[in-house]
Amino acid sequence: MASVVKICSGLALAAALAAPAYAEDGLITQKSLSLGMAQTIANGAMEACKAMGYRISVAIVDRDGLTMVMLRGDNAGLHTPEGAERKAYTARTFGNPSADFLQRMKTTPDAHASETYSHVLALPGGLPIKVGNDVIGGAGLSGTPGVDEPCVQAGLDKVADQLK
């Protein structure tokens, strides 16, 4: 009987330690992007698109949706910094690729009210930055004809081993 109690106690302790730290009346422990990681993601995305000959802008937002990094490539279009930032914000806000938000706008009539939120953009090119299911930021890119998302993914791949 004592060994069953010890096993149950051990399992309960392991579950408590593995769960995210949420406290109703206390402090909340959470993972956040570092500036270095945000720069690595942005530079990786920029390099991927530049290698294909695209002139782009890339933005990284933190868990609060605030811009940490904005890179505007040489001769990138005037609209690309805003597009990149809004796509990153959209991915962070909804926790899904900005392309999913576009799909929602096409298929769910009631979802159109979400388009009136400031900073969201229903275009592909934004991906959430996640640790497990916890969305800790967003990455967005603008300036390619349909290759934004793969370039963003190339940037995320640079830090994939750290997002576990």
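1. Read along the sequence, the chain follows the pattern α-α-β-β-α-α-β-β-α. That comes to five helices and four strands. Both are DSSP runs numbered from the N terminus: helices are H or I with at least four residues, strands are E with at least two.

2. This is a predicted model, in which local features need pLDDT of at least 70, side-chain atom pairs count only at pLDDT 80 or more, and totals for chains, interfaces and linings use all residues. Residues are numbered from 1 along each chain as its sequence is written, and side-chain values use heavy atoms, with hydrogens and water left out.

3. Confidence comes next. The pLDDT (the predictor's confidence in each residue, from 0 to 100) averages 88 over the chain. A score of at least 70 is reached by 86% of the residues. Residues 4–19 are another matter: pLDDT stays under 50 there.

4. Now the chain totals. Of the 164 residues, 38% count as buried. Buried means under 20% relative accessible area, exposed over 50%, and partly exposed in between, with a 1.4 Å probe and protein chains only. Among contacts with a separation of 6 or more, 64% come from residues 24 or more positions apart.

5. The sheet is open, with four strands in the order 2-1-4-3 and antiparallel pairing. Strand 2 (67–72) and strand 3 (126–131) stand at the edges with a single partner strand each, so one side of each is left without a neighbour in the sheet. Neighbouring strands of this sheet are turned by 15° against each other on average, direction ignored. Such angles run from 0 to 180 degrees between N-to-C directions, and axes are lines fitted to C-alpha atoms, for helices over the stretch in contact.

6. Strand 1 has two partners to check. Two strands pair if DSSP finds at least two bridges between them. Strand 1 (residues 57–62) pairs with strand 4 (residues 134–142) in the antiparallel sense over six bridges. Here S57 stands opposite S142 in strand 4. The antiparallel pairing of strand 1 with strand 2 has five bridges. V61 stands opposite T67 in strand 2. The hairpin of strand 1 and strand 2 has four residues between the strands, and G65 takes a positive phi near 80° in this hairpin.

7. N75 is not a glycine, yet it has a positive phi of about 60°. N75 is found in the loop between strand 2 and helix 3, and is exposed at a relative accessible area of 65%. H119, also not a glycine, has a positive phi of about 80°. H119 lies in the loop between helix 4 and strand 3 and is partly exposed, at 47%.

8. Helix 3 (residues 80–94) packs with helix 4 (residues 98–107) at an angle of about 80°, their axes 8 Å apart. The two helices are therefore roughly perpendicular to each other. For reference, angles under 35 degrees count as roughly parallel, over 145 as roughly antiparallel, 65 to 115 as roughly perpendicular and the rest as oblique. K87, T90, A91 and F94 in helix 3 meet S98, F101 and R104 in helix 4.

9. V131 is in strand 3. V131 counts as buried, at 12% relative accessibility. Leaving aside neighbours within four places in sequence, V131 is in contact with K31, I136, L163 and K164. K31 is 100 residues away along the chain, and its C-alpha atom is separated from that of V131 by 7.9 Å.

Technical notes: Contact means heavy atoms within 4.5 Å.
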